[in-house]
Amino acid sequence: MSILSTEQLGHAFNDTWLFKELYLGLEKGDRVALVGINGTGKSTLLRILSGSLSPSQGKVVTERDLRIGYLEQDPKFNENESISDFIYSINNVQQQLIREYEEVIGNEHPDERRLNYLMDELSNQNAWEYEFEIKSILGRLGIEHLDQKIKTLSGGQRKRLALAKLLIDDPDVYILDEPTNHLDIETIEWLESFLTTGQKTILLVTHDRYFLDHVSNQIIELDRGKLFAYKGNYSYYLEKKAALTAAEDVAFDKNSNLLRRELEWMRRQPKARTTKSKSRIDAFYDLEEKTKGRQAKSQLELSVNVSRQGNKILELAHVSKGFNKVITISDFSYTFKKGDRIGVAGKNGTGKSTLLNLVTGTIKPDSGVVTIGETTVFGYYRQGGLEFKDDERVLDVVKNVAEYIKMADGKMLTASQVLTHFLFPPAKQYGMVDKLSGGEKKRLQLMRVLMKNPNFLILDEPTNDLDIDTLNVLEDFLLNFSGVLMLVSHDRYLVDRLTDQLFVFEGNGDVCIYAGNYTDYRLEQEVLITASKNVKNKPSPVVELEKKGGKKLSFKEEKELENLENEIQVLEKTILGLTEQLNAGIAEYDKLSAISSQIELLTQQLDAKTVSWLKLSELKS
């Protein structure tokens, strides 16, 4: 039975219909991915289903008291609120208790009477497990300093904050628009495990094919204003879609040929003659309508010229860079060679974008030397997106770069012709840039970068907001790109397919050069983690020395010890419950895999907290 459904749903912008007469039904436990090319209305449909936009026709029907959580591509906030104000809902008793408890223990001299009262209330409300879950979510998404004002946060921090709030609230239906944007790969893998644990009902739009394949159990495609459903994950959808497209192509060719013959017949008949077969005339118009409805699909064409590249490309010699006394890159050296295809990996904030800015000369190193070859032409696709004026037309944005562009085959094309290659028809070319969808703006930005005929291409999160069809074309272009490629992306599929070497940012300014793609690297890391788990945790010699010294715990350390005891109990109980599920004879591979991943993640957390508890316990004794 559907807990959320639509009835004759339709929506139009400026008298142009995105879709009409749509039916969509979500049942409890469905994990549905919505796919389709940019501009078809995916984000608009999500907004309507979430209740934040009223449809032009039809309605959305929901189960009574259904709680819907909606993550927008660009979340909106009260700029003057603090992170804490946003995270903890006023009408949620447990959340308000947790908020006050965190604030009290954060004080240098906490009010013990108030703290004891809050701890008793948290126990009465069975909120200790919830408190641990909130801290885990905030920690995983890198959200700290809860008193910080939202207006001081970057775009990526805001997206992570909105995602954290949605996960903490745990709605009945998760509606997620590009949830992996601004997340590092480790966090995406954690989010996959989180969303596939339990009977969560999810509707999402994402370009991340690994994420899509692991999370979804149903694909719905929005194409030419209609929905097409495929039961199964993304891999299954690709197989069925290929077969369906081939069948449609055959039917389209057959209908086109028949239509030509029927059109000749219609034209041969004398206008005054009224004895034509009415059924044949009706069939002609019906066939004409069907053929018009199936237009040949436009294909994005990436075939720009690549500038000649000399032997000396780029050299980094003992380069270091820091901000506000924090070192992001320390004594890093590398000489780029022809054909280098390098993926840049690491957690958010470790310095990936800093390296790209050093390479292009946007910023200068604190020490060391960056030497750029005379023939090196950079093409830098920035994560920040396209900058434009509100009154600029799409065509003007391109002409600001060049009136004519040289393509790979040597032809010179006008700015308008190049826009057509990039799927911007004349109507879009003469429209304003601010009317484009997020994905269309990204495609326009990519086009401007490639127009400069670079031989050293730097892509910083190029997949954000691009549809999968565009990504496939971009991948094919990059596979054949003869210059140097540097790629920063959380899209593991893209990194695996396009790179054969990694710069891994490990924190504290350390950058490891790894020969292989991201999957190779992760497998190697998992082997190392498994090996380290087999070594029993022993109290540190430092702890033993401190113990002999008779050091007394501070009030904050005492409370941390109490928290650790509660958190360890919760973790042990959760792991036991998951282990029982694992041994209950579940046959579905996806469920087994999700439970195993969750147990592994929680066990790592338990190990870390147990070590901290041991240290504090030794000090106390």
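## Two crossing helices

At what angle do the axes of helix H5 and helix H7 cross? In this predicted model, the axes of helix H5 (residues 128-140) and helix H7 (residues 185-195) cross at roughly 145° and come within 10 Å. Axes are lines fitted to C-alpha atoms, for helices over the stretch in contact, and angles run from 0 to 180 degrees between N-to-C directions. Helices (H or I, at least four residues) and strands (E, at least two) are DSSP runs, numbered from the N terminus.

H5 contributes Glu 133, Ile 137 and Arg 140 to the contact, and H7 contributes Glu 186, Thr 187, Trp 190 and Phe 194. Contact means heavy atoms within 4.5 Å. Sorted by class, the contact of H5 with H7 has three nonpolar, one polar and three charged residues. Here Ala, Val, Leu, Ile, Met, Phe, Trp, Tyr, Cys and Pro count as nonpolar, Asp, Glu, Lys and Arg as charged, and the others, Gly among them, as polar.

## Basis of the values

Residues are numbered from 1 along each chain as its sequence is written, and side-chain values use heavy atoms, with hydrogens and water left out. Because the model is predicted, local features need pLDDT of at least 70 and side-chain atom pairs count only at pLDDT 80 or more, while totals for chains, interfaces and linings use all residues.

## Nonpolar cores

In soluble globular proteins, nonpolar side chains tend to be buried together. A nonpolar core is a set of buried Ala, Val, Leu, Ile, Met, Phe, Trp, Tyr and Cys residues joined through side-chain atoms within 4.5 Å. Buried means under 20% relative accessible area, exposed over 50%, and partly exposed in between (1.4 Å probe, protein chains only).

The largest nonpolar core has 53 residues, and Leu 141, Leu 161, Leu 167 and Leu 195 have the most contacts inside it. Helix H6 (residues 155-169) gives the most to this core, with seven residues. Another core, of 41 residues, lies apart from it and includes Val 394, Met 447, Val 495 and Tyr 514. Not counting residues up to four places away in sequence, Leu 195 touches Arg 31, Leu 167, Tyr 174, Leu 176, Lys 200, Ile 202 and Phe 211.

## Strand pairs near the start of the chain

Strands of a sheet pair through backbone hydrogen bonds, either parallel or antiparallel. Two strands pair if DSSP finds at least two bridges between them. Strand E1 (residues 2-13) and strand E2 (residues 16-22) run antiparallel and are joined by four bridges. Ala 12 stands opposite Trp 17 in E2. E1 and E2 form a hairpin with two residues between them, and Asn 14 in the turn has a positive phi of about 50°.

Strand E6 and strand E7 (residues 173-177) run parallel, also with four bridges. Tyr 70 has Ile 175 in E7 opposite. Gly 69 and Leu 71 make up the covered face of E6, Ile 68 and Tyr 70 the uncovered one. Asn 80 is placed in the loop between strand E6 (68-71) and helix H2 (83-87). Leaving aside neighbours within four places in sequence, Asn 80 is in contact with Lys 149 and Lys 151.

## A three-stranded sheet

An open sheet has three strands in the order E12-E11-E14, with antiparallel pairing. Strand E12 (326-335) and strand E14 (367-372) are the edge strands, each pairing on one side only. The twist averages 20° from one strand to the next.

Five bridges connect strand E11 (residues 314-323) and E14 in the antiparallel sense. The bridge partner of Leu 314 in E14 is Ile 372. Helix H11 (residues 352-360) lies across E11, E12 and E14 and runs at about 130° to E11.

## Salt bridges

The structure holds 23 salt bridges. A salt bridge is a side-chain nitrogen of Lys or Arg within 4 Å of a carboxyl oxygen of Asp or Glu. In the one between Lys 59 and Glu 7, the closest N and O atoms are 3.9 Å apart. This pair links distant parts of the chain, with Lys 59 in strand E5 (residues 57-62) and Glu 7 in strand E1, 52 residues apart. Lys 59 is partly exposed at 46% relative accessible area, and Glu 7 is partly exposed at 41%.

Asp 491 and Arg 209 form a salt bridge with the closest N and O atoms 3.3 Å apart. Asp 491 lies in the loop between strand E19 (484-488) and helix H17 (492-498) and Arg 209 in helix H8 (residues 209-215), so the pair ties together parts that are 282 residues apart in sequence. Both residues, Asp 491 and Arg 209, are buried.
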